[in-house]
Amino acid sequence: MTTPTPLLSVRGLTRDFGGIRAVDSFSFDVPEGSITGIIGPNGAGKTTVFNLITGVYRPTAGDILFKGEPIGGHRPDRIVRAGIARTFQNIRLFNRRSCLENVLTPLLQREKSNFFAALAGTPSARRTERSLREKAFDLLTSLGLDAFAPLQANTLPYGLQRKLEIARALATNPSLLLLDEPAAGMNPEETRSLARLIAEVREKFNVTILLIEHHMDLVMNICSPVIVINFGALLAEGTPDEVRANPDVVAAYLGKGRKGK
Ligand SMILES: Nc1ncnc2c1ncn2[C@@H]1O[C@H](COP(=O)(O)OP(=O)(O)OP(=O)(O)O)[C@@H](O)[C@H]1O
Ligand SMILES: [Mg+2]
């Protein structure tokens, strides 16, 4: 039996910032259809890996393959069009716009690159905008945010703003969704409900998910494989049980630091 090509494959990924090697020959795969977790101590390089995958930074070295095609160093908008969307550790929404507009904007942008611009103001364009508004509302409903559609985004509690970011990311119709600490600031009950929601999102939108999280219960309940990064390098990978039982992982989390040092 041949193993299917992973949806995302990262090989020898390296990124330096001046004298700091934030990501160090890091390799891992995201199997199609999985919810893959990345864990690691603060400053380990997790967000930098997302920034490299999404084109915010260029790799110093190494390859990023999406659906078998190299995407390392491509521009962020090209990577979005290829089918990768993300949320941010520090929430980035249009704060003063409504929740609906936050989701509608990427839908309109996508349409604009097709034919919408040529038809602006025509009845056909108005029909298109109406159907996109419905789509935006459906996305909010999927995330349990329909009641908040008209409210200004920054009036929502943080937990709901994080869900709104997921709805916005889904509006670009991704096949891979990157979530950077989606449960940050949530209590245990909210975290459990988010875990269920993430699993539902994967089913409903047929999307593969790669998520960074510090909430171990969330990672251990819904992620497999789990990738562990420490000092920019791969420390361990496997099922949640394998990772939990790995002595290097235990040592890193007890603050004993880098393997072999
Ligand atoms: N633009 C940048 N310029 C300089 N150094 C950077 C830059 N971005 C990240 N770093 C450094 O790279 C290292 C990894 O940072 P990163 O944000 O990727 O960690 P992280 O694993 O996401 O941490 P956290 O769990 O705290 O979010 C840190 O030492 C950080 O200071
Ligand atoms: Mg981070």
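I counted two strands as paired if DSSP finds at least two bridges between them.

**Ground rules.** I am reading a predicted model, where local features need pLDDT of at least 70, side-chain atom pairs count only at pLDDT 80 or more, and totals for chains, interfaces and linings use all residues. Residues are numbered from 1 along each chain as its sequence is written, while chains are lettered from A and ligands numbered from 1 in the order in which they are written.

Contact here requires C-beta atoms, placed from the backbone, within 7 Å. Angles run from 0 to 180 degrees between N-to-C directions, with axes as lines fitted to C-alpha atoms, for helices over the stretch in contact.

I then checked the pairs. Strand β1 (residues 8–17) runs antiparallel to β4 (residues 61–66), with 5 bridges between them. In this pair R11 faces D63 of β4. β4 also pairs with β5 (residues 69–70), antiparallel, over 2 bridges. I noted P70 in β5 as the bridge partner of L65. The hairpin of β4 and β5 has 2 residues between the strands, and K67 in the turn has a positive phi of about 55 degrees.

**The sheet of 6 strands.** I read the order of this open sheet as β6-β7-β8-β3-β9-β10, with mixed pairing. β6 (84–86) and β10 (233–238) are at the edges with a single partner strand each, so one side of each has no neighbour in the sheet. On average, neighbouring strands are turned by 20 degrees against each other, direction ignored.

β9 (residues 226–230) is joined to β10 by 5 bridges, and the two run antiparallel. I229 is opposite L234 in β10, and I227 is opposite E237. The hairpin of β9 and β10 has 2 residues between the strands, and F231 takes a positive phi near 50 degrees.

Helix α1 (residues 46–53) came up again here. I found α1 lying across β3 (35–39), β6, β7 (176–180), β8 (208–212) and β9, at about 150 degrees to β7.

**Ligand 1.** Which element gives the most to the shell around ligand 1? It is α1, with 3 residues. β2 (20–30) and α1 each supply at least two residues. I listed residues surrounding the ligand, including F17, I20, G43, K46, T47 and Q89; near means that a C-beta atom, placed from the backbone, lies within 6 Å. The shell divides into 4 nonpolar, 7 polar and 1 charged residues.

**The whole chain.** I counted 9 helices and 10 strands. The C-alpha atoms fill a box of roughly 65 × 45 × 40 Å along the principal axes. Among contacts between residues at least 6 apart in sequence, 66% join residues at least 24 apart.

Key:
Helices (H or I, at least four residues) and strands (E, at least two) are DSSP runs, numbered from the N terminus. Two residues are in contact if their C-beta atoms, placed from the backbone, lie within 7 Å. Ala, Val, Leu, Ile, Met, Phe, Trp, Tyr, Cys and Pro count as nonpolar, Asp, Glu, Lys and Arg as charged, and the others, Gly among them, as polar.
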